[in-house]
Amino acid sequence: MEGRIIIAVAAAAAILSCTEPVEHTAPAIHDRDSVSVMTSYGVNTLISDSGVIKYKVVTERWDVNTVREPSCWTFEKGVFFEQFDQQFHVEAYVQADTAWYYDQKKLWHLRGRVRIRNVNGLLYESQELWWDGLKHELYSNVFSKVTTPERTLQGTYFLSDERMTHYTVSNSKGSFTTEDIEKKEESQSAPGDTVQQQPEPMLRPQTQKHARKTNPD
């Protein structure tokens, strides 16, 4: 009898141990690299550079991470900002669906429906653009479209100064006026735009195995 009681107790203990819930836990996260130091919502603020107000930033969300290498500001919900000159006049506006700003390098990375318009009426459109604040230039390696009151240019490479008064579009196609063609040399020496096209690839001539001979009459 005593043996049967021991067997029954052991069976009950086995059944309870099978039905007891087991807690599954993940290891703690110790990497602070992915954690933002500051997160702001509904931002509408001015940003200065060397004591001079340079930009007005409007964004739905702004994350600042100074721990990441390199440190970065992230605008995952899109960004719109205006650029000012030293007299606080608007030089251009810029907008994009997503943006990253590497503050130590002064480098902007804009992606998704990038739009830039300057005071001269130039409109730039692309899906990706880099803005180097140290070299004071903008560049893109994807399809870009530049529209001015005089012409429209499209190409797969774009390089420009910050004010977009001197720019280059390569692998391009576009529309030009007769005046542009007649004043080509003048426009190359004066401030303006530059269009570069890559030369056609050289083809190896085919050898003729059977040359046809003709007899003189």
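**Notebook: core, strands and a pocket**

I began with F158 and listed its contacts (heavy atoms within 4.5 Å). Not counting residues up to four places away in sequence, F158 touches Y124, L129, L138, Y139, S140, S144, V146, M164, Y167, T168 and V169. I noted that this is a predicted model, in which local features need pLDDT of at least 70 and side-chain atom pairs count only at pLDDT 80 or more, while totals for chains, interfaces and linings use all residues. Residues are numbered from 1 along each chain as its sequence is written, and side-chain values use heavy atoms, with hydrogens and water left out.

**Core.** I then looked up the largest nonpolar core, which holds 29 residues. Such a core is a set of buried Ala, Val, Leu, Ile, Met, Phe, Trp, Tyr and Cys residues joined through side-chain atoms within 4.5 Å; buried means under 20% relative accessible area, with a 1.4 Å probe and protein chains only. Y124 and F158 have the most contacts inside this core.

**Strands β12 and β13.** Strands are DSSP runs of E, at least two residues long, numbered from the N terminus. Two of them pair if DSSP finds at least two bridges between them. I found β12 (residues 157-161) antiparallel to β13, with four bridges. L159 has T168 as its bridge partner in β13. Five residues separate the two strands of this hairpin, and M164 in the turn has a positive phi of about 55 degrees. Which residues of β13 (residues 167-170) are buried on each side? I recorded Y167 and V169 on one side, and T168 and S170 on the other.

**Strand β6.** In β6 (residues 98-102), four of the five residues are buried. Three bridges join β6 to the antiparallel β3 (residues 72-75), where F75 is paired with A99. Five bridges join β6 to β7 (residues 107-118), also antiparallel, and W100 stands opposite H109. The hairpin of β6 and β7 has four residues between the strands, and K106 takes a positive phi near 55 degrees.

**Second largest pocket.** β1 gives the most, with three residues.

**Q83.** Lastly I checked Q83 in strand β4 (residues 79-84). Q83 counts as buried because its relative accessibility is 5%. Leaving aside neighbours within four places in sequence, its contacts include K54, Y55, W131 and E162.

Conventions. Buried means under 20% relative accessible area, exposed over 50%, partly exposed in between (1.4 Å probe, protein chains only).
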